[in-house]
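This report goes through a two-chain model, first chain by chain and then by contact. The sequence and structure come first.

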Amino acid sequence: MEKGAIIKYKKENAPKTGDWKYMKPVVDVSKCIGCGSCIEHCPEAAISLRNRLKEEMEKSSAVGKDRKIAEIDFEYCKGCGVCATICPLKAIIMKK
Amino acid sequence: MNKILTDKLAPGHATCAGCGIPAIVRTVLGAMDEPVIVSNATGCLEVTTTIYPNTSWKVPYIHSAFGNAAATAAGIDAAQKALEKRGKLKKKAKIVAFGGDGGTYDIGLQALSGALERGHDFLYVCYDNEGYMNTGGQRSGATPYGADTETEPAGDLAFGKTRQRKDLMEIVKAHGISYLAEANVAYLQDLKKKAKKALGTSGPSFLLVLQPCTNLWKFPTSQYVNVGKLATETNFWPLYEIENGNYVINYVPRERKPIEEFLKTQGRFKHLFAEKNKKIIAAIQRTVDDNWKKLQKKVSDI
């Protein structure tokens, strides 16, 4: 087989599927407790957990304060709304 | 993007918004730490992740034709064995074959049957979206009774598919393989457990995973998890595994919901709610209950 027949994954070539969305998921800092329910069901794996910023700490609930928060990568998020539907605390809201 | 989940399948693929296939792939491949080689049948997964000249796969991946994902996996297994014998390979990689229901129930059945019978060491995962969804929703052997499809449409005189779906689990079980299970994309922890078990068995293993198709089951993009959950809660898609011939039901709904609750979430069953088609719904309910009883009997028989 000629050498060029094998295609390797290149991050810069990956299509930015974030252009697809017409609704945008927004994480509500005061409700999210970083349980991670949304992460594995996201088809694009666009959600990860990160530490809370200082200004977010003030808005966070008592439970959520010490825990991480969901962050969505809008470069790849297609805006399907699965995360908003399955969030047990309704902490992700779809906005236009 | 999530670094751990995108370890083997990167985002930037073109599956429909709200499609569960990538979640299935990530969960199955995430259940192992060993190197893995993926073989793939033609289908939604193949056309969306490998758009030339790009690829979303970070693991070795082969697609050759529609019907031979299992045969390709068997070839990889044979090649690894040969290389190991000659001392050119230190450790074998795991082999996982992915196929849709078209590439498994219908077109790929003989390749799958052959590979299972020869006892190759691989895991076959069928993501079952109950039709040829990639080409516009034609009927397949997995399409349920009464569903509206492109090749068997519902209308004044017809009510959609007139035949029951194939019982693939029993067909695969008849090969005498040591582990096979039915899972659902809405229950990813259960799927992960089953994938771990399947990868741990030597010889062939098989997973049948329900994958609600947002586009041609006709429901909103945000609903794949809810529709999948309803399929299991109505006993339409029971979660069970067969280990060395022993049946185990993994999830028994506290209260069996009526099948209407599952059917009404989807546009492909919309016509069944017309007055003249009420008896079709009753027939579906009867079949679901019969199948559940049969499954319970299989559990208690052993």
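## Chain A

In this predicted model, 31% of the 96 residues of chain A count as buried. The secondary structure of chain A consists of 3 helices and 4 strands, and along the sequence these follow the pattern β-α-β-α-β-α-β. The radius of gyration of chain A is 16 Å, well over the 12 Å given by the globule rule for 96 residues, so chain A is more spread out than a compact globule.

Along the principal axes, the C-alpha atoms of chain A fill a box of roughly 60 × 25 × 20 Å. Taking the contacts in chain A between residues at least 6 apart in sequence, 80% join residues at least 24 apart.

## Chain B

Chain B has 10 helices and 8 strands. Its radius of gyration is 19 Å, close to the 19 Å that the globule rule gives for 302 residues, so chain B is as compact as a globular protein of that length. The box filled by the C-alpha atoms of chain B is roughly 70 × 50 × 35 Å, again taken along the principal axes.

Of the 302 residues of chain B, 51% count as buried. Among contacts in chain B between residues at least 6 apart in sequence, the share that joins residues at least 24 apart is 68%.

## Contact between the chains

Chain B contributes 31 residues to the contact, and chain A contributes 26 residues. On the side of chain B that touches chain A, the elements giving two or more residues are helix 1 (21-30) and helix 8 (224-233) of chain B. Helix 1 of chain B gives the most to this side, with 4 residues.

By class, the residues on the side of chain B that touches chain A are 14 nonpolar, 14 polar and 3 charged.

Helix 1 of chain B is mostly covered, with 9 of its 10 residues buried. The buried residues are I21(B), P22(B), A23(B), I24(B), V25(B), R26(B), T27(B), V28(B) and L29(B).

Two packed helices are described by the angle between their axes and the distance between the axes. For helix 1 and helix 7 (residues 188-200) of chain B, the angle is about 40° and the axes are 8 Å apart. That angle makes helix 1 of chain B oblique to helix 7 of chain B, and the crossing of these two helices is right-handed. Helix 1 of chain B brings A23(B), I24(B), T27(B) and V28(B) to the contact, where they meet L188(B), L191(B), K192(B) and A195(B) of helix 7 of chain B. The residues of this contact divide into 6 nonpolar, 1 polar and 1 charged.

## Helix 3 and helix 5 of chain B

The axes of helix 3 (residues 69-85) and helix 5 (residues 109-118) of chain B come within 7 Å and cross at roughly 35°. From helix 3 of chain B, the contact is made by A70(B), A71(B), A73(B) and A74(B); from helix 5 of chain B, by A111(B), L112(B), G114(B), A115(B) and R118(B). The classes in this contact are 7 nonpolar, 1 polar and 1 charged residues.

Not counting residues up to four places away in sequence, Y127(B) touches I21(B), I24(B), L45(B), F98(B), G100(B), V209(B) and Q211(B). Y127(B) and V25(B) are 102 residues apart in sequence, and their C-alpha atoms are 9.1 Å apart in space.

P212(B) is placed in the loop between strand 6 (205-210) and helix 8 of chain B. With 27 C-beta neighbours inside 10 Å, P212(B) also counts as buried. Leaving out residues up to four places away in sequence, P212(B) touches G20(B), W217(B), Y224(B), V227(B) and G228(B). P212(B) and F269(B) are 57 residues apart along the chain, with their C-alpha atoms separated by 13 Å.

Technical notes:
Residues numbered from 1 in each chain as written. Chains lettered and ligands numbered in written order. Predicted model: local features only at pLDDT ≥ 70, side-chain atom pairs only at ≥ 80, totals over all residues. Contact = placed C-beta atoms within 7 Å. Nonpolar A, V, L, I, M, F, W, Y, C, P; charged D, E, K, R; others polar. Axes fitted to C-alpha atoms, helices over the stretch in contact; angles between N-to-C directions. Parallel < 35°, antiparallel > 145°, perpendicular 65-115°, else oblique. Left-handed = near helix turned anticlockwise from the far one by under 90°. Rg over C-alpha atoms; globule rule 2.2 N^0.38 Å. Buried ≥ 20, exposed ≤ 12 C-beta atoms within 10 Å, placed from the backbone.
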